[in-house]
Structures are given as structure tokens and as C-alpha cells.
Amino acid sequence: MKKIEKGLAFVKQELAMFRCTVCMEPYVAVEGTSLVCANHHQIDMNKKGTLTFLNHSVNTEYDDAMLAARRRVLTAGLFDGIIAGVAANLPQAAQSILDVGTGEGTPFSRLLAKRQLADVGIGFDISKAGINLASQLDTNAFFAVADLAKLPFNDQTFDAVIEFFSPSAYDEFKRVLKPTGRLIKVVPAAGYLRELREKLYPVGHPNHTYSNAKVVERFMAQYPAAKRQSVQYVWDIPSERYQDLLEMTPLHWGARPEAQEAAKAQPLAQITVDVELLVVP
């Protein structure tokens, strides 16, 4: 089955999940390769089997090379412990799941594969380059280019909304989640990629250490009953993936050129993964 055929089959099956971002009315039909709403606005499926709900281009910090490096590192397993933690907080029954800021899609794809259930999974990102990469994955997830602040989904559509290191739009999350829905937000903790951070930035530099206190505070203000769960482990870095690890994170952007060169010349054998899962309910 061609990608566009697979994408069309998905939206025909799950048309009730989507709404028009022009008039906010539900899409009511799929005509040819287009979704059409009651007010006759339409959006076209592209050859990659994805939808683009943005009518303007957006420049993001993640370029093609960075996304490709990220794909290789995550495929090698850097986030597998995080994915296991997210999976453990989802019900063991088929869910409709929205992955916010899915990027190149690997964590979401691996989560769905780990669950081995008949989940309906949609991942979206503002980055067209990321979604183009995500469309190459062997997964049943559907991918779209969309704006976090204006989600193209109907009210009370999803059983779960998940975020791997993504910004949030809590009003939109509350709108698209079912009344019994679950929100899982993954945020870095103080030890996340600590060895790389300390290698690239000297003591006293703002990037030498990290605190997620402000992010957690904002989340808890929205969801006072949320639980916080720590996930920590040390990952053995495959030697062929060390350069990719350097390139996949924004950490290296602000580092001095000599610090970047020193980091390349002295590869790390291991890296710390330290995150918090913020879970509602």
C-alpha cells in the first residue's frame, strides 16, 4: 500500500477525530485525497500520507541533519527507558493517543510497538522536516504538521496526550482529552545528559547545570493532583553514535568552538538519562 493510500485509509476510519482549523467545524467527508468540512474548507493529503494544517512555513531549531542524528541515537535506544516509563503509565487497553511535538517520530513509534495494542496513534509537530522523517517509519501511527496552540482535533477525542520534551498548551490539551483522559509529560531533570553538559560548559555557566523547577511549577499549577515519577538510568553510548549524540541536542549550539572540538576528541562511553514523568490523573 502506498503511503498516501495508508494515510487516506486512516483518516477515513478516524475522520471523527479531526476538525477544520479555519472554522473549527468537524470534517464530514473524504473526497478524493481531501478532507472536507461542512463549510467546504478542505485540506489535501500529500504523497507521504501526512496532512499539513499550517498555511505558513515555520522555521524551527531542528534542521534535517539534527533530526537525522536524533533518529539514529533514539533508534539505538537512548530513550527506551523513558518509553518504558510512559508505557507503564498507560492503561493496558487500546487507547487513542496524541503525541505532542513528535519530532521525527521514533519515541512514539517505539511506544506503540512496545504496547502491541490496537491503539489509534497520531503524532504531530510544527516541523515539516520532522514529519517528513516520521512518515518513513514502519508504524501504524499517523503524522501531521500542526500548531500546538490550534490543534486540528475535535473536543474530547483522545484517551491520552503524551509529550516527550515538548512545549505545552494546557487549554488545548484539556479540550481534546476525554473527561477520563490521561496526560503524560516528560521533562528533563537535573542529571539529564549531565556528562555532556559538563563537558561543553564550564562551572558557573548557566548551561553547566539544569533545573526543571519552573516547568514543573507551571504544570502543577494546572494539575495540582498530578503525580511526579523519576526515571533515571545510564546509557552505554555505541561508539558510532557519539557524534550523533553531540549533534542531536541543542546543548552544543551555545558552546564555544574549542569546547565542541574537545568534546568530539574525548568521546564519552556513557551518558545519564534523568527525567521526570508528570502524570494526570
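Leaving aside residues up to four places away in sequence, Asn212 touches Val187, Pro188, Ala189 and Glu276. Keep in mind that this is a predicted model. Is Asn212 buried or exposed? Asn212 has a relative accessible area of 9%, so this residue counts as buried, the cut-off being under 20%.

Another spot to look at is helix α3, which spans residues 80-88. Buried residues there are Ile82, Ile83, Gly85, Val86 and Ala87. What covers them? The cover includes one helix and several strands, listed here.

| Element covering the buried residues of α3 | Residues |
|---|---|
| α4 | 106-115 |
| β8 | 158-164 |
| β9 | 177-188 |
| β10 | 227-236 |
| β11 | 270-280 |

Now step back to the whole chain. It has ten helices and eleven strands, and 52% of its 281 residues count as buried. Its C-alpha atoms fill a box of roughly 60 × 40 × 35 Å along the principal axes. A compact globule with 281 residues would have a radius of gyration near 19 Å, and the chain agrees, because it has 19 Å too.

If you look at contacts with a separation of 6 or more, 67% are between residues 24 or more positions apart. As for charges, the chain has 30 positive and 31 negative ones, with mean positions 1 Å apart.

Key
Residues numbered from 1 in each chain as written. Predicted model: local features only at pLDDT ≥ 70, side-chain atom pairs only at ≥ 80, totals over all residues. Heavy atoms only, no water. Buried < 20%, exposed > 50% of the residue type's maximum accessible area, 1.4 Å probe, protein only. Helix = DSSP H or I, 4+ residues; strand = E, 2+ residues; numbered from the N terminus. Contact = heavy atoms within 4.5 Å. Rg over C-alpha atoms; globule rule 2.2 N^0.38 Å. Lys, Arg positive; Asp, Glu negative; His and termini not counted. Charge placed at Lys NZ, Arg CZ, Asp CG, Glu CD.
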